[in-house]
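Colleague: Hi, I'm new to this one. Could you walk me through it?

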Amino acid sequence: MITSAAFSCASGEYLEMKNQVCSKCAEGTYSLGSGIKFDEWDELPAGFSNVATFMDTAVGSSENKADSCNNSSWTPRGNYIESNRDDCTVSLIYAVHLKKSGSVFFEYQYIDNNIFFEFFIQNDQCKEMESTADKWVKLTDNGEWGSHSVTLKSGSNILYWRTTGILMGSKVVKPVLVKNITIEGVAYTSECFPCKPGTFSDKPGSSGCQECPRNTYSEKGAKECIKCKEEIYYAEEGSSTCIERPPCTSKDFFQIHTPCDKEGKTQIMYKWIEPKICREDLPDALTLPPSGERKDCPPCNPGFYSNASSSCTPCPQGTFSDGTQECKACPAGTEPALGFEYKWWNILPSNMKTSCFNVGNSKCDGMNGWEVAGDHIQSGAGGSDNDYLILNLHIPGFKPPTSVTGATGSELGRITFIFETICSADCVLYFMADINRKNTNVVESWERSKEKQSYTHIISKNASFTFTWAFQRINEGQDSRQFINDMAKIYSITVTNAVDGVSSSCRACALGSEQSGSSCVPCPPGHYIEKETSLCKECPANTFLSIHQVYGTEACIPCGPGSKSNKDHSACFSDCTVSYFKDNQSLNYDFSNLSQVGSLMSGPSFTSRGTKFFHFFNISLCGNEGKKMAICTDNITDVTLKDMVAESEDFSNFVGAFVCQSTIIPSDSKGFRTALALQSNSLADRFLGATVETTLENISIKTDLFPPSPSKVPDVHFFYKSSAVTTSCENGRATVVTMRCNPNKPDQGELSVPSSCPAGTCDGCTFYFMWESAEACPLCTEQDYHEIEGACKKGFQETLYVWNEPKHCIKGVPLPEKRTSTCETVDFWLKVGAGVGAFTAVLLIALTCYFWKKNQKLEYKYSKLVMTANSKECELPAADSCAIMEGEDNEEEIVYSNKQSLLGKLKSLATKEKDDHFESVQLKSSRSQNI
């Protein structure tokens with residue numbers, strides 16, 4: 001008898017209510033004892049519900065928001081349930097009441113971090129339980145099922161599986177898949193569950209049901225499986241019914257090439273797709289074409305040789321071959337250029353493998369996902385149209401050539417492949433990279449048919465890489481094969497600088513200075529190989545060593561304007577100083593105070609469904625010996641991969657660059673507790689130069705992107721390039737940071753993006769930023785200030801120096817100190833002026849008096865002469881004559897009635913002096929006559 005409410009029956013048992021005892025389940029049924037299991041997803045099981053919410057605060061009417069998520073839900077897909085694919089927030093909810101502590105367990109697939117997936121538990125007061133503090137679900141590898149379990153407390157537990165699509169459109173979104181949800185902790189189960197169709201239980205007291213084998217079927221509650229009539233019908237594993245076999249078509253077989261025989265021939269073989277489900281004996285059915293047609297084998301791939309055998313063998317170390325000739329040793333002064341170049345596909349190379357995987361069934365397990373086909377390798381048939389057809393290439397590490405081993409450039413190697421896709425439906429080809437076997441990230445993907453094209457991925461760190469190509473014809477499973485002829489083809493795969501690579505050619509290398517043989521030696525960082533001597537020689541100043549060539553001086557590439565090379569000549573960087581000279585004017589800039597990382601948040605922007613997000617940029621302008629200081633990280637993967645955060649550089653979510661970008665979804669946008677940072681990428685990993693010119697290395701900045709500068713100080717443009725190539729940016733991304741002098745914005749100033757391109761870019765490939773700051777003004781010179789002289793006081797005069805207004809310079813030449821100099825005061829000069837004036841006045845008076853006196857004498861003499869000349873005619877008495885009276889001084893003034901002016905007198909005086917000689921003669925003559 002049950003005495004405790006928390007009593008429970010064991011697995012395989014149920015509580016017989018009448019007798020209150022635990023009994024074993026009958027055949028064809030099962031029980032988890034104190035648990036419930038949900039493994040059938042043909043429809044949403046009882047107790048589960050879907051709730052779609054739109055938690056954003058974006059602009060737009062509330063009606064539009066509600067309607068936009070009406071069709072979003074978790075969708076049952078048979079063996080599993082699939083999450084929504086849009087950017088709505090959808091919760092799959094199940095409520096359970098536990099009599100005792102228990103747990104919840106489920107299996108899931110979560111491979112795309114463009115979906116935010118969380119699992120948490122609330123009590124009946126809608127408060128989250130403590131046990132769900134770590135509610136972020138970890139990502140899984142492509143094609144693998146992960147498991148997640150959380151303990152449950154007794155009482156009411158409301159379970160939430162919540163997904164939110166984030167910024168749809170950037171990549172093809174793979175939904176979250178969940179299956180086999182098991183809940184432990186219910187006090188008892190009063191009945192056993194019948195086995196679902198396609199499964200059976202042949203023993204009493206079963207805790208689960210077994211799947212029916214191939215070509216058998218079962219109905220609900222079966223004790224055993226029933227065989228199909230195999231000549232006419234077939235059934236997959238776990239089938240609930242038999243299906244009639246269709247007539248065979250060309251979609252039911254495929255061809256392969258056999259390995260080369262000793263005669264260098266390969267045979268074309270035709271095989272049925274396994275398991276064979278079609279019939280050859282029906283009308284219009286095709287039969288298998290005859291196999292065995294012999295063709296010439298393609299040559300070995302470069303770096304391999306046949307050596308008169310049926311297989312290709314890699315060349316020994318230190319030798320090379322183009323694939324058609326025997327391996328030869330590299331000449332002295334050269335070394336093998338290691339790597340892989342697969343362009344002939346007779347057998348799958350040893351470091352590649354292929355597989356097939358399907359999320360919902362095991363039809364293609366063990367099948368080849370890809371098949372070799374001579375000059376290409378193509379996707380195989382698979383078991384169903386939604387299989388993932390997988391091709392893997394493993395490279396244990398990357399190593400640059402011996403002569404540049406010391407270089408620390410951004411490229412250690414690269415992988416290039418040529419491919420095409422031929423599709424009639426929505427096929428997808430994924431290219432993924434797995435670093436150090438930790439997490440697979442989608443590097444790029446291509447949808448639908450694509451013409452033959454090349455794609456290159458740069459390797460920037462030495463690690464173990466597994467590259468994966470996954471081809472899927474359609475997203476959803478179907479009963480019949482409609483798209484088996486859709487395929488992806490890869491024509492060649494080339495990997496450079498692979499650690500365990502082979503060689504198809506030799507490249508020049510440096511020899512040791514001591515001629516101890518022909519072995520290559522590593523050149524020190526920043527050294528090229530001199531052609532004449534094959535010795536290492538350092539690159540000239542302000543040049544960097546090409547990562548593609550180390551032979552000859554042309555391997556040293558000059559740095560751009562305003563940049564210098566680092567110590568090992570691996571890159572150019574800005575030391576934060578820029579000089580500009582024009583019209584006899586020199587401007588020198590020093591951006592050292594802006595060398596710390598600057599940040600900018602632009603937005604908000606909105607997705608088509610109204611999700612609010614921001615673009616966040618970090619900019620490492622200059623300095624730091626060229627180290628890329630701007631770091632962007634995705635915090636989604638940081639919280640889902642907590643045990644790997646310390647090694648976050650191994651993941652694509654960690655980006656270090658000169659300029660990097662993240663997309664930020666604010667916490668209020670989706671109802672999350674914290675803002676999300678995702679889709680981090682590098683916009684600039686190579687510095688090109690800094691100049692006042694608007695174009696550098698085919699990167700131009702349009703003058704109308706930003707408002708014109710109010711000052712005459714020219715803007716300085718910092719140009720950067722990113723080597724990462726995307727389908728939309730075939731030449732990689734580029735960034736221009738324009739530095740503008742603005743005295744009104746001190747210290748770090750202000751960063752902005754063009755108003756016409758709020759995301760910082762108009763085409764998605766070239767990004768533009770404006771950084772306004774007083775620190776972006778040129779250094780001050782003597783031409784930026786002027787002097788003001790003060791008054792002379794008490795024999796001293798002050799000279800002040802002031803900046804020209806408005807001031808458009810910083811630091812540089814300091815403003816001179818106030819200068820004091822001796823001077824003569826105004827009183828002294830006044831005295832001197834007065835003295836000189838007085839002296840001049842006295843001199844003028846004296847001269848006036850002198851000339852006046854002299855004039856008086858001359859007038860007197862003249863009057864006497866006149867009187868003498870007229871004496872004969874004068875009849876007046878002597879007493880009335882004009883002669884001098886007795887006792888009178890002949891120096892006294894004689895007054896005339898017709899007085900002349902002083903000027904007139906002076907003139908007459910001058911005239912008389914000229915005629916003085918003649919007058920004297922006349923005087924003598926007249927006197928003699930009188931006598």
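Modeller: Happy to! Let's start with a term: a disulfide is a pair of cysteine sulfur atoms within 2.5 Å. C539 and C556 form one, with their sulfur atoms 1.9 Å apart. This is a predicted model, in which local features need pLDDT of at least 70, side-chain atom pairs count only at pLDDT 80 or more, and totals for chains, interfaces and linings use all residues. Residues are numbered from 1 along each chain as its sequence is written, and side-chain values use heavy atoms, leaving out hydrogens and water.

Colleague: Which hand does the disulfide of C539 and C556 have?

Modeller: The torsion about its S-S bond is about -75°, so the link of C539 and C556 is left-handed.

Colleague: And are C539 and C556 buried or exposed?

Modeller: Buried means under 20% relative accessible area, exposed over 50%, and partly exposed in between, using a 1.4 Å probe and protein chains only. C539 is buried at 4%, and C556 is buried at 9%.

Colleague: How many disulfides are there in the whole structure?

Modeller: The search finds 16. One of them joins C632 to C660, S to S 2.1 Å, and that link is right-handed, with 80° about the S-S bond. C632 lies in strand β52 (residues 630-633) and C660 in strand β54 (residues 659-665), so the pair ties together parts 28 residues apart in sequence. Strands here are DSSP runs (E, at least two residues), numbered from the N terminus.

Colleague: Changing topic, how many cavities of 30 Å³ or more turn up?

Modeller: Four. On a 1 Å grid over the protein atoms alone, a cavity is a set of points where a 1.4 Å probe fits but cannot get out, and lining residues have an atom within 4 Å of a point. Grid points are joined across faces, edges and corners, and a volume is the space filled by probe spheres set on the points.

Colleague: What is the volume of the largest cavity?

Modeller: About 140 Å³. The largest cavity is lined by 13 residues, and K174, P175, L177, V359 and Y388 lie nearest its centre.

Colleague: What about the second largest cavity?

Modeller: That one holds about 50 Å³ of space. Its lining includes F573, C622, K627 and Y720.

Colleague: Last one: which residues touch the most other members in the largest nonpolar core?

Modeller: W370, L393, F431, F467, W469, I493 and V495, out of 45 residues. A second, separate core of 33 residues includes F617, C622, L751 and W771. A nonpolar core is a set of buried Ala, Val, Leu, Ile, Met, Phe, Trp, Tyr and Cys residues joined through side-chain atoms within 4.5 Å.

Definitions and conventions
On a 1 Å grid over the protein atoms alone, a cavity is a set of points where a 1.4 Å probe fits but cannot get out, and a pocket is an open set with protein on both sides within 12 Å along at least five of seven lines; lining residues have an atom within 4 Å of a point. Helices (H or I, at least four residues) and strands (E, at least two) are DSSP runs, numbered from the N terminus.
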